[in-house]
Amino acid sequence: MQNKGVVRLFTILFALVCLYQLSFTFVARNVEKNAAEASGGDQLKEVHYLDSISSETVYNFLGIRKYNYKEVKQRELNLGLDLKGGMNVTLEISVVDLVRALSNYSQDSTFNAAIKLAQEKQKNSQEGFVALFGEAYEEIDPNAKLAANFLTPELKDRITFSSSNKDVLDVIKEEADAAIKNSFNILRSRIDRFGVAQPNIQMLAQRGRILVELPGVKDKSRVRNLLQGTASLEFWETFENEEVYPYFLEINELLKERQQTSEDIAAEGQETEVTTEAVEETIPAEPEVEETTDDLLDEQTADSSESDELSLLDELESTGDSTDLSQQDVDIAKDFPLFAVLTPNVNNQGQLFNGPVVGFAHFGDTAQVNKYLHMPQVKALLPRDLKFAWTQKPFDENENFFQLIALKITTRDGQAPLDGGVITDARQDFGQGRASAEVNMNMNSEGAKIWARMTKDNIGKSIAIVLDDYVVSFPTVQTEITGGRSNITGNFTVEEAKDLANMLKSGKMPAPANIVEEYVVGPSLGQASINSGLFSFVIAFLLVLVYMLFMYSYHAGLVANIALVTNLFFLIGVLVSFGAVLTLPGIAGIVLTLGMAVDANVLIYERVNDELKAGKGLKLAVRDGYRNAYSAIIDGQVTTLITGIVLYFFGSGPIKGFATTLIIGICTSLFTSIFITRLTFENMLGRDRKVKFISKMTKNLLQNANFRFIQKRKIAYFISGALILLSVLSMVFKGFDLGIDFQGGRTYVVQFKEDVKVEDVSLMLADEFGNAPEVKTFGSDNQVRITTDYHIDDDSPTIDNKIEEMLHEGLVPITGEISKEDFTQNYIMSSTKVGPTISDDIKRDALIALTLALIAIFLYILIRFRNWQYGLGGVAALAHDSIITLGLFSLFSGVLPFSLEIDQAFIAAILTVLGYSINDSVIIFDRIREYIGLYPKRTLENNMDHALNSTLRRTMSTSLSTLVVLLSIFIFGGESIRGFIFALLIGVVVGTYSSLFVSSPVAFDTIKKVKK
């Protein structure tokens, strides 16, 4: 083996990198274990403890780099919601409503007809709504001017009557993109304040959709309201720091007196719940508002204020975390209880800073500050026109401290004097002579009058821009601003300026976010999934190790097992490095990868045995065995890799997790099977150790097989034809049990205290829903799955909560009189919602994925073997496998005691089966090609039979090892993936059959007919 030193070095470095990446998971688990012990089982105390150490160093990597708990958590192995419980939500921004709003709700018949036509087109297209709207408008009236519908005050500077339809669509597209991004930023800000560990929010490519994952949440209603609530943008006048500081001194005196009479003052403010989380971006401390682009603010003052604040922060942080009290901290807490958690906005000499910032606090202390400020006795000390709001983002480099802003109430009803509805436009720009970005903001005539009064009364003071009760900016007014045109300047980056402009426009442009897909897993079901997944994984892994020892002797089997263990280590290490999420199907993907990784070792060992039978010495046989196996290994793995890539791009959620582990597993198994085993064998042979590549018990297994596969092909055709006919008849007359992925609807898995009858549950719910929803036993007899399409087209924010209430009311005879919260948290184990637009997309994506996989595999075989007949034989086998698997799912649906739904997981199973089946076929084709080159005078039938028989032991060995793995997952892996694994089991059996009796015979017949 050449370059052994390079391979060894790469292996060592790769192992060290994986060990480094996995170390964060072990450190995080250890910290959380200590937190659980320190809190004595109190979950709230545990959360507070972890919050308090988020910025503390918990991992010192070899003295080179220090990591705090927050950084460690970001690098640990992420578990999917199906393993740890939580909520997965896909929201869709209503671009339709946005387009209508931009047109000022035009009543033009062509415009409204185009809106309806575009909505119909969108059901069967991946194009965005704006593009489809443009196409529809042209179809309805090619000569109509789209600009006539958008001559509004908001767009007058960008759209004129002479603007072409394309120009108008470009402006609408730009506005839609800005609205979607703004919705994304608002949602991200809300989620960061929700107090969820490791939330995930990402913008999806299609249709303005946003994916939100919230691990561990229990209050689903609160999450739905949070995500679908309309953003509230307001402008508030502010107090100066010097006006509020005396009240803080009085509050300290009050709290000090109460401390002397009570040991626990925290209970006084428990009525108010406020949580604040840090987010990633920072906002300039004091941006400016000005009427022109002239720089009228003394920036040096603002900068020195921020500098002094940060220097004070450095002193605070150098003493440790805010919750780690020294004796000095204890003294402060006694004499100044409020200032113990809220640092006043003063410099190092004790002088008050100007501006509306009255203090700042560590994010772990903001809740306590709010409790103090909401105490009735404290409220009595404060002026009625004073209210407080935290900044939306932290202002320090480590993102730990938030500023507290003093807002002034100037209206009788206590509302803001100005809201976002008056803004007609806002955009990012560069001012004259400025290096940083600025935001230009325009208001309508009504807003301009109020804005002129506010700016006139607050020259030299700040006006706070508040979004969802959090301050996003508090610029200082330089002069009275009339006409409604303002420039907000400061040390903005381009992205910060764009985000602020989009946020300002959000008050005018209604682009509601509707939940179109929802997946909820309760924590108990998540823990059960972990237990079943890990148990099935351990069983499957041990069975594979035992099988290799049994089949290929102690020596070769042990080397293969070392490669498998190394493969598992590398696979999980790479998963962590990429930040991939491990799901239950992902665990199945790992186990399946291990089963398929055996295939490469089997190919090599069979080749080595062939070389030994030819009379070669052990070292030469090993060298030639590896060399001759490379082609088949790479061909087989590449075809499986194709299906994994297709799954990754067209799957979602857990299915994408399955595809991720499959792709990474194929790559790592190639490396370990080819290089790690080769290095091990060469090391053993270099020390003259005797190595056996087959055990005594299996030495003669299928060794001299001489089956006439090609001659008996017509019998196989008859069997396959009968199975296909039976499958087609079942699909036509019986149909499928379509999951909500393909027809839309809601599914709830409900677990009762005692066994229930499906018929009773169905009748109880019929009165509530008008007609009986579908109810099936799910696993044990005390657990059912309820499926309904009741009001699935309803996009109102309250409909999901309403349906859960109907379930709660309908099942009272079984559950008894319990609260809805108790029912949703303790009885509903999981729930799934798929809206009609999502189900249409899933069906289309499934069809595209299957088509692309077949085309890609055909093209690969065509290029690799330079013979389209082999490609046709391979695709025929894949079609054969797909139809029979579909047919058996149809035939046994409702017969077997587990779900056989056709859903995304089933499509993933079909694609995996295609990859597995073509893997077998390609290896056989590779051997046929080799024999045709070695024995050109033999007939094609003879060479094909010879190739099929010579690879038969490898085919059966790989299939058996994979079946053993799948059976262990099927039995021990849990109810939620049983149907998925059943599809894989069918596929492996049918795929093994087709690789022997379909692909090669079809290629043989096609070659013969072409020659004739």
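In this predicted model, the cysteine C18 is buried, with a relative accessible area of 1%. C667, by contrast, is partly exposed, and its relative accessible area is 44%. The first value falls under the 20% limit for a buried residue, whereas the second lies between that limit and the 50% above which a residue counts as exposed. A disulfide is a covalent bond between the sulfur atoms of two cysteines. A search of the whole structure finds zero disulfides.

Strands of a sheet pair through backbone hydrogen bonds, either parallel or antiparallel. Eight strands make up this sheet, in the order β5-β6-β4-β20-β25-β22-β24-β23, and the pairing is antiparallel. The edges are formed by β5 (200-203) and β23 (774-777). Each of these two strands has a single partner, so one side of each is left without a neighbour in the sheet. From one strand to the next, the twist averages 15 degrees. Within the sheet, strand β4 (residues 86-93) and strand β6 (residues 209-215) run antiparallel and are joined by seven bridges. In this arrangement, N88 stands opposite E213 in β6.

Helices also pack on the sheet. Helix α9 (residues 220-228) touches β4, β6, β20 (513-521) and β25 (828-834). The direction of α9 makes about 155 degrees with that of β20. Helix α24 (residues 799-810) lies across β20, β22 (745-751), β24 (783-788) and β25. The angle between α24 and β22 is about 40 degrees.

N458 is placed in the loop between α15 (445-457) and β16 (463-467). With a relative accessible area of 1%, N458 is buried. A polar atom of the N458 side chain lies 2.7 Å from the backbone oxygen of M454. When neighbours within four places in sequence are left aside, N458 is in contact with E237 and V477. The other residue, R927, has its place in helix α29 (residues 904-934). R927 is buried as well, with a relative accessible area of 7%. Not counting residues up to four places away in sequence, R927 touches R607, D610, A947, S950 and T951.

F650 is found in helix α19, which covers residues 618-650. The relative accessible area of F650 is 26%, and the residue is therefore classed as partly exposed. F650 and D845 are 195 residues apart in sequence, but their C-alpha atoms are 5.9 Å apart in space. Apart from neighbours within four places in sequence, F650 is in contact with D845, I848, A849 and L852. L534 is found in helix α17 (residues 523-577). This leucine is partly exposed, with a relative accessible area of 46%. L534 and I587 are separated by 53 residues in sequence, and the C-alpha to C-alpha distance between them is 7.9 Å.

Methods. Residues numbered from 1 in each chain as written. Predicted model: local features only at pLDDT ≥ 70, side-chain atom pairs only at ≥ 80, totals over all residues. Heavy atoms only, no water. Helix = DSSP H or I, 4+ residues; strand = E, 2+ residues; numbered from the N terminus. Buried < 20%, exposed > 50% of the residue type's maximum accessible area, 1.4 Å probe, protein only. Contact = heavy atoms within 4.5 Å. Pairing = 2+ DSSP bridges. Axes fitted to C-alpha atoms, helices over the stretch in contact; angles between N-to-C directions. Polar contact = N/O pair within 3.5 Å; in protein donor to acceptor, adjacent residues only side chain to side chain. Disulfide = S-S within 2.5 Å.
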